[in-house]
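I opened the notebook to log what I looked up in this model. The entries follow in the order I took them.

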Amino acid sequence: MAGWNADTAAGPLGAGTVTLVEGSNFCISLPNGDIHPEYPHGAFFQDTRILSRWNLTINGQSLEPLTAQPKEPYRALFVGRVPRSDGYADSPVIVERLREVGAGIQEQITIRNYSPDPVQCDIAVSLEADFADLFEVKEARIQRRWDQTRHAEGDSLTIRAVWHDIRKGILVQAPGADVTEGTLKYRALIAPHSQWSTVLTAVPSNEAASSPTMSFVHPDGDDLSPRDRRRQEWVAKIPVVQIGNKSVERTLRRSYDDLGALRIEDPVHPDRVVVAAGAPWFMTLFGRDSLWASEMAMPVDPSLALGTLQTLADRQGRAVDPLSEEEPGKILHEVRLDVSSDLALGGKSIYYGSVDATPLFVIVLGSVSRWGFAKDTIANLLPHADRALEWIRDYGDKDGDGFVEYERLNPRGLINQGWKDSWDGINFADGRLAEPPIALCEVQAYVYDAYMARAWIAYDAGDQALGTELADRAARLKEQFNEQFWMPDRGYYAVALDGKKRQVDSCASNMGHCLWVGLVDEDKAPLVAERLMSPEMFSGWGVRTLASDMGAYNPASYHNGSVWPHDNAVIAAGLMRYGFVEEAQRIATALLEAAEFSDGRLPELFCGFDRRQLPAPVPYPTACSPQAWAATTPIQLVTSMMRYDTHVSRGGFWMDPVLPESYGDLHISNAPMAGGRITIDIVNSTPTVQGLPDGMVFHQGHRPWLTELVEQAGFRRKP
């Protein structure tokens, strides 16, 4: 096992670190705003650390942090004070650092003197740029050494670096400063009860003569940065939510903000917007994460799902390459913009080691087709869906037993290739690790739903033969799954079958995903729901990834007892599907209450300690925040409780709300629907809708499941 691949969690950042993010750019610093190269800090552009040190001192002293207040996901205000030389605690010199991240960073430094006497301040910003790639920083194993030249001229500093034939650079501008090769210096006498201020900018620059990018230029004179204008455009196109429970409302709005900041553009097609997986280390396109996030965000912005599908389709596997684990028809795991080949997964910029992204691609295409995009747009993606289904048949199920399994193709790849992709994420009840090839229960659920999604699209287009073939394939898979994964003596499904086709008998949250797609037999669903909500599984804040009576259980682990918000959102949707409304409400309420402890933002995961033992959710030390499918979890939870969905080609919009009483009444305006915008009111659990486009009809009830639609089409008999 490659040691660096032993843990797929984000690396430790240190206590109190602040992460700012905008698209694929991000910045990590201490609470006082300083960036230190010995920590995984920095300003990052295209997966490269363009600033490895950015330390502010006043009269030779670092700032004592007072607070770091995020304004937007890409902007924060750091407030600190200058320690007194006489040893007294209270200092009259307060420093504010208003930082914004884009392609680089811009920082406004303001020093306020609250003393009745003037204060002499020697202000210095020391800086370094090591141009380390993201994996080098994350794993604290910087290998490349760049040949650097530094050129200070006037109030600017240019750092250029070469490694082999690769060139990088950064341009720092500090108006009025005394600039040397590693320091920006100011000397200011600040009058009593007065202030001093300056603005510093550091942006990527590959050539000596290049000017700073437009990233921080305000050409309209409206004091709005490009990020502010981008955010305004995002806010204008997404729904506006008002809900009686102001805590839930704040969490939803925080989710909208984070989702907007995590949007990135396809470099080849800037008109396509996709969702990055999460900050700080996964600010790029991930097949599984981006598909899940865009699926859950469909009621907010369906175009995110379309952009994700189109971007993934362009990079769909074409050849067999064991190094990158590429195979024809396979959907990628992750893309990296600028990492060295000896560090990236599989050694290339695109890595395909994901077993579930491929069926999820077909599932999301089915959702996109129901949300009413142009038929030619869907038609252009259908060949990619069919190639994905061919991968499932020819490569996903290599032994022909009817189940899709995974086993990494080289020692540099991921050991586990489902969503629980840590090295120890799949284990038996006694704690032993499962040996590959491994067939995960939730992957069979995704394959089942992919068959159903493509069967319905075929029916909608009049292709009776293809629809029948896929529906029959789905029926066989459901029957086989319930025979081979169900453990009647345990009352729950095995998390997987191992390489010897033995049931991996640990009680894990994965089986909740099988509820989501309808793969669970009706007679088994009550037992599954009971087990998921048992004290061993439900922590009080959510369903644990692994039951507390399992051998590998650890509440502070990444996948063996922690609570993942997105996992719970899928489970809650599955419980709703089978009629377990109270259980779904309990999960939704617990998670939204957990968000109150982190300013309305759900992290990637938190620890699985029991709520009765610890009355606040315990943060997982290296959880990504913001993270895409955590940001979309509140959206999924609320829309699940609303039973909110549409099928534009059938002219229907469905809703049948069962929101918990504690949420209060709900008002949503500007919600996208069939090319128009609608307004929704839910008062005392009674829904009303205004502004439905012509041809759309509101139905109070649940949207017919894909299984029901296929059955109604006469493709197969109901099992």
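**Entry 1: a hairpin and its sheet**

I began with strand β30 (residues 666-673) and strand β31 (residues 676-683), which pair in the antiparallel sense over 6 bridges. The model is a predicted one. I looked up two of the opposing residues. P672 stands opposite R677 in β31. L666 has I682 of β31 as its bridge partner.

I then checked the turn. The hairpin of β30 and β31 has 2 residues between the strands, and A674 takes a positive phi near 50° there.

Next I followed β31 to its other neighbour. β31 and β32 run antiparallel and are joined by 5 bridges. V683 stands opposite T686 in β32. This hairpin of β31 and β32 also has 2 residues between the strands, and N684 takes a positive phi near 50°.

Which strands make up the whole sheet, and in what order? I read it as an open sheet of 4 strands, β18-β30-β31-β32, with antiparallel pairing. Its edge strands are β18 (240-243) and β32 (686-690), and each pairs on one side only. From one strand to the next, the twist averages 20°.

I also noted the two faces of β31. G676, I678, I680 and I682 form the covered face. R677, T679, D681 and V683 form the uncovered one.

**Entry 2: the mixed sheet**

I moved to another open sheet. It has 3 strands in the order β28-β29-β33, and the pairing is mixed. The edge strands here are β28 (645-647) and β33 (697-700), each pairing on one side only. Neighbouring strands of this sheet are turned by 25° against each other on average, direction ignored.

I looked at one pairing in detail. β28 and strand β29 (residues 652-655) pair in the antiparallel sense over 3 bridges. The bridge partner of T646 in β29 is F653. I kept F653 in mind for the ring search.

**Entry 3: aromatic rings**

How many aromatic pairs does the model hold? I got a count of 20 aromatic pairs.

I took Y558 and W564 as an example. Their ring centres are 5.1 Å apart and their planes are at 70°, so I logged the pair as edge-to-face. Y558 is buried, with a relative accessible area of 7%. W564 is buried too, with a relative accessible area of 1%.

Then I came back to F653. The rings of Y644 and F653 have their centres 5.2 Å apart and their planes at 80°, so this pair is edge-to-face as well. Are these residues buried or exposed? Y644 counts as buried at 9% relative accessibility. F653 counts as buried at 0% relative accessibility.

Ring pairs link F403, F481, F485, W486 and Y493.

**Entry 4: arginines over rings**

I checked for charges over ring faces and noted two cases. R432 lies over the face of F428, at 4.3 Å from the ring centre. R577 lies over the face of W705, at 4.3 Å from the ring centre.

**Entry 5: a helix crossing**

I looked at helix α3 (residues 246-261) against helix α15 (residues 633-642). Their axes come within 8 Å and cross at roughly 130°. That makes α3 oblique to α15.

Which residues meet at this crossing? From α3, I listed T251, L252, S255, Y256 and L259. From α15, I listed P634, I635 and V638.

**Entry 6: an enclosed helix**

10 of its 10 residues are buried, so I logged α4 as largely enclosed by the rest of the structure. Among the buried residues are L291, W292, A293 and M296.

How values were computed. Residues numbered from 1 in each chain as written. Predicted model: local features only at pLDDT ≥ 70, side-chain atom pairs only at ≥ 80, totals over all residues. Heavy atoms only, no water. Pairing = 2+ DSSP bridges. Axes fitted to C-alpha atoms, helices over the stretch in contact; angles between N-to-C directions. Phe/Tyr/Trp six-rings, centres within 6.5 Å; stacked < 30°, edge-to-face > 60°. Buried < 20%, exposed > 50% of the residue type's maximum accessible area, 1.4 Å probe, protein only. Lys NZ or Arg CZ within 6 Å of the ring centre and 35° of its normal. Parallel < 35°, antiparallel > 145°, perpendicular 65-115°, else oblique. Contact = heavy atoms within 4.5 Å.
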